[in-house]
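Please look through the model below with the notes beside you.

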Amino acid sequence: MPSAALSGLLAGVREIDHLLEGDPTPVGGISPRPEITRAVTRAGVVLLCSHYERYLRSVVEETVAAINTADVPGTSLTPELRLRHSFVAAERLVEREWTQREEQLVAFIASEAWLWGGSPKADLTAKSLLSWMKAPAPNNVVKLYRLWGIPDIFTRITRLDHTRRTLWLDLQSLVDKRNNIAHGDFAAEATRGDVERYRDTVARFC
């Protein structure tokens, strides 16, 4: 049974298909309304990248929820994950003047001490594990999965170098185009073929 994260992603992929139905370009031909085609494909890039990023965040949220309801000792989680989770709480702590940190120290110990041993279990928060990720670029995706003990997710899910390279390059291109479009670069555009390729790559990766 697919995870809720994957089900949501596949629904998003269908939404991209529906969006592309608005492209007036005939099969094998030239668009009679290039301004509409351009708007459709640019929107497709932004929407697809958003669905992809939502998938990654949902995977973390589902995993955190599973850990929070299970008897999982904090010391069994990777050091990278524990450090990342405690980092956010530690930042909040140091933002306060020293004489006003009593409340924050109590909260820090209550939420983080179990990760380092010897304290009652508390809950992980997905927000603490995701606060650093601003875009789903491949290097950030590798970093995200490394928190869970997977050194390189692209190597883990592929057998051939060229498959791994294609996944990486297409996902990087998708994120780059999305960033350019979202930041107001009117020259940034994608063909319908680009959007379809990105769609298939995202679905295959997820």
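Are Y52 and F205 buried or exposed?

1. Both Y52 and F205 are buried, where buried means under 20% relative accessible area, exposed means over 50%, and partly exposed lies in between, for a 1.4 Å probe and protein chains only. The relative accessible area of Y52 is 0%, and that of F205 is 7%.

2. Before going further, please note that this is a predicted model, in which local features need pLDDT of at least 70 and side-chain atom pairs count only at pLDDT 80 or more, while totals for chains, interfaces and linings use all residues. Residues are numbered from 1 along each chain as its sequence is written, and side-chain values use heavy atoms, with hydrogens and water left out.

3. Y52 lies in helix α2 (residues 34–68) and F205 in helix α9 (residues 192–205), helices being DSSP runs of H or I with at least four residues, numbered from the N terminus. The axes of the two helices come within 9 Å and cross at roughly 10°, an axis being a line fitted to C-alpha atoms over the stretch in contact, with angles running from 0 to 180 degrees between N-to-C directions. The helices α2 and α9 are therefore roughly parallel, a term that covers angles under 35 degrees.

4. Among the residues in contact (heavy atoms within 4.5 Å), L48, Y52 and L56 of α2 meet partners in α9 that include V195, V202 and F205.

5. Three aromatic pairs are counted, a pair being rings of Phe, Tyr or Trp (its six-membered ring) with centres within 6.5 Å, called stacked if the planes are under 30 degrees apart, edge-to-face if over 60 and tilted otherwise. The ring centres of Y52 and F205 are 6.0 Å apart and the planes stand at 90°, so this pair is edge-to-face. F154 and F205 form a tilted pair, with 5.3 Å between centres and 40° between planes; this pair links helix α7 (residues 153–156), which holds F154, to helix α9, across 51 residues of sequence. Ring pairs join Y52, F154, W168 and F205 into a cluster.

6. Leaving aside residues up to four places away in sequence, Y52 touches several others, including L9, P136 and L171. Y52 and P136 are 84 residues apart in sequence, yet their C-alpha atoms are 7.6 Å apart in space.

Definitions and conventions:
Angles under 35 degrees count as roughly parallel, over 145 as roughly antiparallel, 65 to 115 as roughly perpendicular and the rest as oblique.
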